Amino acid sequence: MKGQVTLENERVRLSPLTMDNYKVLIPIASQENLVQYSPSDIATPNSLKNYVTIALQQLTAGTSIPFIIYDKKQGVYAGCTRYMNMNYKNKVLHIGSTWIGREFQGTGLNTEMKKLMLEYAFTTLDFEKVEFRVDERNTASRKAVEKLGCVLEGILRKDVYLLDGFKRNTCCYGLLRTEWIKKNQ
């Protein structure tokens with residue numbers, strides 16, 4: 001399928017998410033409150049299947065490239081991530097819909113996969129800006145994107161309803177290709 005690619009370094013492999021491989025993620029996706037700051041429902045096998053179906057529809061539409069995350073250090077699948085809201089005309093995309101099991105959080109896996117995705121977005125896909133949207137209360141994710149060099153560009157107040165009915169404030173972070181190159185020279 002157009003847009004599908006595998007990204008890999010010594011720590012992580014990001015492979016195309018498919019209807020054939022998503023089932024290995026059911027035990028991770030069913031961890032309680034794993035995506036408490038996200039509007040996505042992945043907690044049951046059926047909701048996870050629907051989540052993957054939507055991601056693949058977006059892939060077909062050319063607005064998303066979804067990945068399944070394989071932690072090479074632990075030798076197991078860890079979760080999902082994707083390029084999304086891909087605007088080729090303005091050369092801006094989002095990295096989001098990222099979730100990894102609790103056992104992978106704080107291990108450096110997320111940083112390594114984000115570096116892979118940023119490098120590919122800026123160099124191969126030729127995007128000029130990458131954005132991240134993060135719940136204002138999710139301090140761990142906010143610190144993670146700031147560590148990558150992203151700048152808080154603003155907060156969208158009462159922006160997105162979550163599964164529990166809470167309407168979150170969304171922090172909008174951005175990273176320009178010129179900033180990425182300067183930081184990684």
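In this predicted model, 48 residues line the largest pocket, and those nearest its centre are Ser 97, Thr 98, Trp 99, Asn 138 and Ser 141. The space in this pocket comes to about 1,300 Å³. The second largest pocket has a volume of about 230 Å³. Further points concern strand 2, with its two partner strands, and helix 3, which spans residues 109–123.

**Largest pocket**

- Helices that give two or more residues to the lining of the largest pocket are helix 2 (45–61), helix 3 (109–123) and helix 4 (139–147).
- Strands that do so are strand 4 (76–87), strand 5 (92–100), strand 6 (129–135), strand 7 (151–161) and strand 8 (167–176).
- With 7 residues, strand 5 gives the most to this lining.
- By residue class, the lining of the largest pocket holds 21 polar, 18 nonpolar and 9 charged residues.

**Second largest pocket**

- The volume of about 230 Å³ is lined by 17 residues.
- Closest to the centre of the second largest pocket are Asn 33, Leu 34, Val 35, Gln 36 and Leu 163.
- Its lining is made up of 8 nonpolar, 5 polar and 4 charged residues.

**Strand 2 and its partners**

- Strand 1 (residues 7–8) pairs with strand 2 through 2 bridges, in the antiparallel sense.
- These two strands form a hairpin, with 3 residues between them.

**Helix 3**

- Helix 3 has 15 residues, and the distance from its first C-alpha to its last is 21 Å.
- That reach is close to the 21 Å expected at 1.5 Å a residue.
- Its buried residues are Leu 109, Met 113, Lys 114, Leu 116, Met 117, Leu 118, Tyr 120, Ala 121 and Phe 122.
- Helix 3 is also one of the elements that give two or more residues to the lining of the largest pocket.

Note on methods:
Residues are numbered from 1 along each chain as its sequence is written. This is a predicted model: local features need pLDDT of at least 70, side-chain atom pairs count only at pLDDT 80 or more; totals for chains, interfaces and linings use all residues. Side-chain values use heavy atoms; hydrogens and water are left out. Two strands pair if DSSP finds at least two bridges between them. Helices (H or I, at least four residues) and strands (E, at least two) are DSSP runs, numbered from the N terminus. On a 1 Å grid over the protein atoms alone, a cavity is a set of points where a 1.4 Å probe fits but cannot get out, and a pocket is an open set with protein on both sides within 12 Å along at least five of seven lines; lining residues have an atom within 4 Å of a point. Grid points are joined across faces, edges and corners, and a volume is the space filled by probe spheres set on the points. Ala, Val, Leu, Ile, Met, Phe, Trp, Tyr, Cys and Pro count as nonpolar, Asp, Glu, Lys and Arg as charged, and the others, Gly among them, as polar. The expected span of a helix is 1.5 Å times one less than its number of residues. Buried means under 20% relative accessible area, exposed over 50%, partly exposed in between (1.4 Å probe, protein chains only).
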